[in-house]
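User: Please take me through this model by question and answer. Keep it brisk.

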Amino acid sequence: MPTLTPPTRLEERLRPGGGGRPPQDPVPFGGGGGRGPEGDPAETWKLAVWVGLAGIVMFFSAIVSAMIVRRGGGNWHTVDMPQALWVSTLLLLSSSAAYEVARRQLGGGSLERLRRWLAISLALGLGFLVAQAMGWSQLIHRGVFVGESASGSFFYILTAAHGLHVTGGLITLAYVTWRARSPRPWPTRSAAIDAAGVYWHFMDALWLALLLVLVVYG
Amino acid sequence: MGVLVALLIWALAVALAAPFVWGPWQPPAAITEIARQIDEQLQLTFLLTGIIFLVAQFALGYAVLRFGRKGPEPASATEGNDRWEVLWTSAAAVIFVGLTLLGYSVWAEIRFDQGRADSPAPDLTVEVVAQQFVWNFRYAGADGRFGPAQPELIDDSIGNAVGVDRDHADGADDLITARLAVPVNQETELLLKSKDVLHNFFVPELRVKLDTVPGLTGRLRIRPETVGTYEIACSELCGLGHYKMRAYLDVMSESDYESWLEEQAQYLY
Amino acid sequence: MSEIAEIVEIDRHPAPTGFLRRWIFSTDHKVIGVQYILLALLAALVGMTMSLLMRVRLGSPDASMGWLETLFPEGAPGGVMTPEFYLALVTMHGSIMVFMVLTTAPQSGFGNYFLPIQIGTDDMAFPRLNMLSFWLTALAFLVMVGAVFVEGGAPISGWTAYPPLSALNVAAINGTGQDWWIVSIAIFCIASLLGALNFITTTLAMRTKGMTLMRMPLTVWGWLSTAVIGLLAFGVLLAAGILLLMDRQLGTSFFLPAGLVINDQLQDRAGGSPILWQHLFWFFGHPEVYIAILPGMGIVSHILANFSRRRVFGYRAMVYAMGAIVVVGFLVWGHHMFVSGMSPYSAFVFSVLTMVVGVPSAIKTFNWIGTMWGGRLRLEVPMLWAIGFVSVFVSGGITGIFLGQPSLDMFLHDTYFVVAHFHLIMGVAAVFAMFAGLTYWFPKMFGRAMNPVLGHLHFWGTFVGVYAIFGPMHFLGMFGHPRRYAEISGVDYLSANGAEQLHSFITVAAALTFVLQLVFFVNLIWSRFAGRRVSEANPWEATTLEWVTQTPPPHDNFSGRLPVVQRGPYEYSLPGAPRDFLMQCNADPSSEEGA
């Protein structure tokens, strides 16, 4: 707390820690160590992913709250979930599981398994997008379009937005898979795979949340 | 130079504050009880914020004046004062929140009480239907009931700006006028609607305004006490003609109002 | 560079070569910072010109101006501005100023340049992402300007773009430039989100040894707080913009209710709510105004400490106040909607919270005065701007107390009282902080001093000028003059109350103040290339890490030797110290080198 009386001894003020904080610094660095010897790129990238996810959550929250408000506005026809969505959900969850298997090879596992399971995860992720597209075509077949149906328009915008974010994740996945071909690990390999894993698993959680919203409020 | 800065700060503060008290630009005379209550709240807010404003600007100028002078004393080494901090934080919180709590009752009276099932019926109900860029007013006519209205029936060319169903018994006698006439000292409820985009019904003498939202009906009750003609100025950007979307509120004596109604009935088609 | 007692060595990465890599597609946070500042200055010039044209219309409504017709034959046929042109100016002025000036320069401009240096690191956490953010912002600006020139005309729905006016793609009522406007905003949102991510990660992960959170300069706290707000708010604007675009182009009905009759045509939409847009927009929009002001608050605290030779009064309270503004700032958006048809019960809750959010700002104001109190003030140009900031911040903030009360807002909403309020706070105070920052850091950034005579001329004139412009707008509001009126001839009580005279006065004041800003631009450009050279690292005798590096800083800021921080950021005037300041990173107080 700021003090009323001024410091009486110069030495006390000049001791490391004086000037606003108790003498013991809880972390060796002020922050995560930055680019110094104490810095950990994996921690930095994971922090960045979590920060980014906060922004993404706000984006989807805005659309979901718009949906809940709009639902009360009348002219709302419930949309039954297209069958393809159950398939796509399974594919996405499997993709995450596969990614985890790959990720756990870091720190002593087999490079072969790392490469294989990354590729499997990528394939399953692509499968998710394909299944989502099939879900869209099933809806169109049923006559639910973007414009005329309020519930339909929310279905499309939520799945499209999520799909776009998944696509971004897939591009990252593809990049990581491709670079993992090389037997020599590049310096930030673990950091990249770790951080990308956080994002990829979050896409799952986000999808499950959106599915819940669509089923309950759609 | 500190002197110059201080003097300028003080001069500007006075120049900003003085016209509020002594300048000619004031709200027009209030014509309802609600408007007078709003004026009271306005005065109180002026008083309290005026004091805070002048004290803060004075202190700022004084600090520059006193400590902007070259002198041998070094700056003081304190870095805060918890007691002062708590004091002015509490004072600010009490004044700010207190002001809005004091204004609660007039807000509640305008907005909470209306539309409640148990509030007494108004003496008159008029529909205000805004459109780009004119105001339409609908009266229920002799039967006292508004006829049903549909947007499909809107036809400005024959004077049915509101889309009232003339074939329906209730709708046959509805009056659609270009001026809002109300009897003095009676409570009129205004039902605010819009045909196209957002508009806002505002009469400075009433001190109240409310958006007209398409798809919703807003409610505003007024009990004007002074006969006269007052301008209604649209107060929500509604397009190119926003600046000239103006109509008139005519507050009339009871007998004048009845005559006006009869006269309007002649234009019924 | 001063001798730093304790350092941490890091790998150096070589500076880029070649004109493109060094100045155009640079990943150096300092270059990107300057790019943002230049973009903001360009946008400010465009925005100011637009406002001047608006003032010409309002100040001389009947005059037919030949030059106006020459420049804008479609917008001002016969030398008289059309309502379309006026409202397009209103929309574009607001959008460009709020987004391209107030959201870029204070945060992305100064923040990019000085955040890494002030926390003792060599660049942002993600330099290439940083570069992407800038170029996306520049693209957004281009698209925004493009919205003016499209075939269907510029949007006329204001920077707030309320539907149904903004959501209906009907050429007669709104320009089709609205679509471009939405796209521009969307790109800007993405750029801002990426920037916020960079700022937060950098501040949390990249601080040098000894730079604990409570030793960070208040400028850094300002940028961090702003980044947190931006991270949580821009996603909502992006979502709203997408929904609005869908309503315009895909036939959806998010914001459009049934029964709309436009130009005698019944529109085929149903179930949407115009108020939903307002909720989404203002959920972003209110935090946005804190984005505009918080960096400025940090800069002002920083400069007041430096030029008062005192620690910031109540450093901790300042930090907590910023935190309170971030949190409570997200809970008050409804005060823009008191008369929108929103529930009056929630209006009351919003009102109480709005009053609460005024308290941390009051704390900061008292603390600024407290910082100066007992100091030895050095009234250089940056300090004058900081003092001016406090004055206009008080003036602009105090009218918020009126508008935050719904009973009073019923009278004052959408009048010039509101215009006066937000211009004093955003258009003046935030800009004063930008001038303070520019004049303060200019020597460090460019190794030259700005001309003090021009600097004084600019300050004194502008300080008077802004009060002359926006003071009278309060009085216009007092008799109920509505906003966004292209002219005042359509409503009698306006001229009856002297609106014409006030408008003329404001226009003259605006024109003079505008010319003064050109003095500033001249000073900026001239000083950059021909100003008195500054070679010392610490010309203002300041304490924070940016004054430890060379002037101007090398590509990686500290040449691979990151300073270790020993003390708080504002150790001025310690009794017994050899000089009246102690830098954050030196341990030996008795050394001759500036301590």
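User: At what angle do helix 4 and helix 6 of chain C pack, and how far apart are their axes?

Analyst: This is a predicted model, where local features need pLDDT of at least 70, side-chain atom pairs count only at pLDDT 80 or more, and totals for chains, interfaces and linings use all residues. Residues are numbered from 1 along each chain as its sequence is written, while chains are lettered from A and ligands numbered from 1 in the order written. Helices (H or I, at least four residues) and strands (E, at least two) are DSSP runs, numbered from the N terminus. Helix 4 (residues 83–102) of chain C packs on helix 6 (residues 127–149) of chain C at about 175°, with the axes 11 Å apart.

User: How are helix 4 of chain C and helix 6 of chain C oriented to each other, and why?

Analyst: Axes are lines fitted to C-alpha atoms, for helices over the stretch in contact, and angles run from 0 to 180 degrees between N-to-C directions. Angles under 35 degrees count as roughly parallel, over 145 as roughly antiparallel, 65 to 115 as roughly perpendicular and the rest as oblique. The angle here is about 175°. Helix 4 of chain C and helix 6 of chain C are therefore roughly antiparallel.

User: Which residues of helix 6 of chain C meet helix 4 of chain C?

Analyst: Contact means C-beta atoms, placed from the backbone, within 7 Å. Helix 4 of chain C brings Ala88(C), Met92(C), Ser95(C), Ile96(C) and Met100(C). On helix 6 of chain C, they meet Phe141(C), Met144(C) and Val148(C).

User: Is Leu244(C) buried or exposed?

Analyst: Leu244(C) lies in helix 8 (residues 218–249) of chain C. Beyond its neighbours within four places in sequence, its contacts include Ala161(C), Ile182(C), Phe255(C) and Trp277(C). A residue is buried if 20 or more other C-beta atoms, placed from the backbone, lie within 10 Å of its own, exposed if 12 or fewer, and partly exposed in between. Leu244(C) has 26 such neighbours, so it counts as buried.

User: In what order do the three strands of the open sheet in chain B run?

Analyst: Two strands pair if DSSP finds at least two bridges between them. Strand 9 and strand 10 (residues 246–252) of chain B are antiparallel over six bridges, whereas strand 4 and strand 10 of chain B run parallel over four. The edge strands are strand 4 (180–183) and strand 9 (228–233) of chain B. The pairing is mixed, and the order is 4-10-9.

User: What is the radius of gyration of chain B, and what does the globule rule give?

Analyst: Chain B has five helices and ten strands. Its C-alpha atoms fill a box of roughly 90 × 40 × 35 Å along the principal axes. The radius is taken over C-alpha atoms, and the rule is 2.2 Å times the number of residues to the power 0.38. Chain B is more spread out than a compact globule, because the rule gives 18 Å for 269 residues and the radius is 26 Å.

User: Which helix gives the largest share of the side of chain C that touches chain B?

Analyst: The contact takes 92 residues from chain C and 85 from chain B. The largest share of the chain C side is 14 residues, from helix 11 (residues 344–372) of chain C.

Terms used
Contact = placed C-beta atoms within 7 Å.
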